[in-house]
Amino acid sequence: MARDARSFDESDVRVRPNKKGSRPRTKDRPSFDDAEIGRIVTVDRGRYTAILDENTPQERLVTAARARSLSRQAVVPGDFVGLVGDTSGASDSLARLVTIQERKTLLRRSADDTDPVERVVVANADNLIIVVAAANPEPRTGFIDRALVAAFDANIHPILCITKADIKEPDGLMANYAGVELDILVSRTADVNASGIDARSADGASARLQRSTLDELKELISGEVSVVVGHSGVGKSTLVNALTGADRATGGVNKVTGRGRHTSSSALALRVEDAPDRTWIIDTPGIRSFGLALVEPDNVVSAFPDLVEATADCPRGCTHLEDAPECALDAWVAEGHAGTSGAARLTSLRRLLGSSVKEEAAEKTLGES
């Protein structure tokens, strides 16, 4: 005899209990209202050092590990973060970094002009000090221009510090940036026997800097956070040491390649000596590239104030490149509106814009494939 067909419903389903617990998952996250806010001063191999209760008797350095919920977000020197757990700062203690406060500025770069990956340098900086040498090694205007574009794009005030002026007068370099809104400082060594800002005297000590240059720079950055960038060998670490009393490693220049040796290994925020509270310098490792893949072409042009006015007469959609029809930049430079360095400045601008155009074309091709 045939068996009767049976209909099944949800009551016939048996669910095996979860061995790890039956509490349902939730998208709700704790608010961490009780988190203590601190300033990140250094990042080293997954550990973050923050200063809490800054400029109070309770001031202390706290080491923290980042919470898993922040695993995809960069935490860099200058960030203000929320910390929970053991925030005593005692030896071998470890807090948990749970929040990143809203940033007022963010200096970023890419590895090159075709790399879309954001590499955050520092957060909440007010000034970008671009250190170059007048000679040994020779200044690279391409690097300066890239740093200036990144600074203007991030709304950070740029300061150009030219070192080793006792080797070569930087008149030509200074004239190149006469039409740019930035402060320019020229540094010479106080030791007449030295051959540059990072030269070594007979006893092995770093040559001292001119006190007037240091005082002028301190006045410019008083009460603010400044980040220092520059190629190795230009005297960046020596300048940081003179401002902060730190002992960042310094190095000379390779006589064969004309390039400096990398000395600093990690970004570090340091207090400036004999300066008002909250005056910080953030030293960065030697940066050999300053890619601008994340900067819009219009913002690249805006970083050239001596040229940007002419673009109002360009046709709509003008790329401002050398082969762009009816581009007004050539006539602007020819008529002397951009000064004696106008031709060189236009060449630099078009070089940067050419990199941006190539990047956009590559992205378009990738999207259509």
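Helices (H or I, at least four residues) and strands (E, at least two) are DSSP runs, numbered from the N terminus. This is a predicted model, so to speak: local features need pLDDT of at least 70, side-chain atom pairs count only at pLDDT 80 or more, and totals for chains, interfaces and linings use all residues. Residues are numbered from 1 along each chain as its sequence is written, and side-chain values use heavy atoms, with hydrogens and water left out.

View 1. Pro137 sits in the loop between β8 (127-133) and α1. The peptide bond running from Asn136 to Pro137 is cis, and its omega is near 5°.

**View 2. Helix α1, end to end.** This helix covers residues 141-153, 13 residues in total. How far apart are its end C-alpha atoms? They are 18 Å apart, which agrees with the 18 Å that the helix should span at 1.5 Å a residue. The expected span here is 1.5 Å times one less than the number of residues. Several residues of α1 are buried (under 20% relative accessible area; exposed is over 50% and partly exposed is in between, with a 1.4 Å probe and protein chains only). The buried ones are Phe143, Ile144, Asp145, Arg146, Ala147, Leu148, Val149, Ala150 and Ala151. After α1 comes Asn155, with a positive phi near 60°.

View 3. Strand β1 (residues 36-44) pairs with β2 in the antiparallel sense, over six bridges. To count as a pair, two strands need at least two bridges between them as found by DSSP. In this pairing, Gly38 stands opposite Leu52 in β2. Two residues separate the strands of the hairpin. Have a look at Arg45, in the loop between β1 and β2: its phi is near 50°, a positive value in a residue other than glycine. Is Arg45 buried or exposed? Arg45 is exposed, with a relative accessible area of 77%.

**View 4. Strand β2 against β3.** Moving on to the other pairing of β2, five bridges join it to β3, and the two run antiparallel. Thr49 stands opposite Thr63 in β3. Strand β2 (residues 47-52) is mostly covered, with five of its six residues buried.

**View 5. Ala65 and its contacts.** Ala65 belongs to strand β3 (residues 60-66) and is buried, at a relative accessible area of 18%. Which residues does Ala65 touch, leaving aside neighbours within four places in sequence? Its contacts (heavy atoms within 4.5 Å) are Gly46, Arg47, Leu94, Ala95, Arg96 and Leu97. Take Leu97: it is 32 residues from Ala65 along the chain, yet their C-alpha atoms are separated by 5.8 Å.

**View 6. Strands β6 and β7.** Strand β6 (residues 106-109) is joined to β7 by four bridges, and the two run antiparallel. Leu106 stands opposite Ala123 in β7. Strand β7 (residues 119-123) is mostly covered: four of its five residues are buried.

**View 7. Lys164, a lysine with a positive phi.** Lys164 lies in the loop between β9 (157-163) and α2 (171-176). Its phi is positive, about 60°, although Lys164 is not a glycine. What is its relative accessible area? The value is 0%, so Lys164 counts as buried.
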